[in-house]
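Work through these exercises with the sequence and model open. Each task is followed by a solution in steps.

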Amino acid sequence: MPDAAIEIDAGGRALRVSNPERVVFPPTDRTAPVTKLQVVEYYLAVAPGIMRALHERPTTLERWPKGVHPAMVLSTREKGGGDAFFQKRIPRGAPPYVETARIQFPSGRFADEICPTEIAVVAWAAQLGTITFHPWPVRRADVDHPDELRIDLDPQPGTDFADAVPVAATARELLHELGYVGFPKTSGGRGVHIYVRIEPRWTFTDVRHAAIAFGRELERRLPGEVTTKWWKEERGERIFVDYNQNARDRTIASAYSIRPKPGAPVSAPVTWDELARVQPEDFTVAAMPARFAELGDLHAEIDDVAHSLQPLLDLYEQQGAGDMPYPPDYPKMPGEPKRVQPSRDRDRPRAD
């Protein structure tokens, strides 16, 4: 029989939480089980941090209404029918305080996504089974000009978080040379994310080109350790700089978001100096509230300065290598090279 619903205070609003004792994350050998109520309470405990990450941003909800249990599957663009799913349109029956922003997909279609303006919206989404929040890198006042450059350092098979950390250190040096302030966080998995606030003057295409330039420069400085190759068969055991995370309708799990992995890890802001000392599993739903209470939001200064993207756009032109492939679900984009896996490219020159 389902647990009786309870009512909690969510930033001054009464929020009904149904089945509060439902186990969302089963126990592991390191962690206790995490209930639905604990997920909601976690987001309330880190309210200033999660709101800094989501405020006024169109946000896709990653919902796991049955919990995150073994053998459960997330529906994707390629394959539906899973136990969990991404919700890009505001759910029916949303309370009146849940506001939206209209965004346009690469296909030209539109959607009204939730746009958090207060912590009650986050708590309400968590009560619906939202585990992870995926905000766009724009504010709703101008949804066509990103205010955030996102550097995604993604370990490929054969590499791990420990391999991403020295790449992040080189990225820090490059940011300093560009005059940028970067804010690192764990991905909640094996990767490292670095955010840079930018002036909302450039298009998604421009920001994506800037990420390509940044990745190519890391590749030049760390040969054999970093790759910008889009096709998996070409990446090898290297850290992939996923430049396409800056394309329209591509999002990254926000700072403080829970990730649907055993133990309920979260994407945790960290200082540059502690990055080499931590492990992603150090930051969980159970551990993060105490860290937040002690240290506050380590991304608290992220909005203090918005940088010009021009230095990276100049670098993109100087590199002279042109554009790179978009994800497969995108329409053919201007200036994009042939979008075909190298091993299937019949026109590709073959070695004798």
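**Exercise 1.** Is R140 buried, partly exposed or exposed?

*Solution.* This is a predicted model. Step one: R140 has 29% relative accessibility. Step two: buried means under 20% and exposed means over 50%. R140 therefore counts as partly exposed.

**Exercise 2.** Which residue forms a salt bridge with R140, and where do the two lie?

*Solution.* The partner is E56, with the closest N and O atoms 2.6 Å apart. E56 sits in the loop between α2 and β5 (59–63). R140 sits in the loop between β9 (130–135) and β10. The pair is 84 residues apart and links distant parts of the chain.

**Exercise 3.** What does the salt bridge of R197 and E148 tie together?

*Solution.* Start with the contact: N to O is 2.1 Å. R197 belongs to strand β12 and E148 to strand β10, so the bridge ties together parts 49 residues apart in sequence. Now check accessibility. R197 is buried at 5%, and E148 is buried at 3%. Both residues also belong to a salt-bridge network with R57, R139, D147, R150 and D303.

**Exercise 4.** Which elements each supply at least two residues of the lining of the largest cavity?

*Solution.* The search finds two cavities of 30 Å³ or more. The largest has a volume of about 110 Å³. Of its 15 lining residues, R52, A53, Y195, A255 and H299 are closest to the centre. The elements asked for are α2 (47–54), β10 (148–155) and β12 (192–197). α2 gives the largest share, three residues. By class, the lining has six nonpolar, three polar and six charged residues.

Notes:
Residues are numbered from 1 along each chain as its sequence is written. This is a predicted model: local features need pLDDT of at least 70, side-chain atom pairs count only at pLDDT 80 or more; totals for chains, interfaces and linings use all residues. Side-chain values use heavy atoms; hydrogens and water are left out. On a 1 Å grid over the protein atoms alone, a cavity is a set of points where a 1.4 Å probe fits but cannot get out, and a pocket is an open set with protein on both sides within 12 Å along at least five of seven lines; lining residues have an atom within 4 Å of a point. Grid points are joined across faces, edges and corners, and a volume is the space filled by probe spheres set on the points. Helices (H or I, at least four residues) and strands (E, at least two) are DSSP runs, numbered from the N terminus. Ala, Val, Leu, Ile, Met, Phe, Trp, Tyr, Cys and Pro count as nonpolar, Asp, Glu, Lys and Arg as charged, and the others, Gly among them, as polar. A salt bridge is a side-chain nitrogen of Lys or Arg within 4 Å of a carboxyl oxygen of Asp or Glu. Buried means under 20% relative accessible area, exposed over 50%, partly exposed in between (1.4 Å probe, protein chains only).
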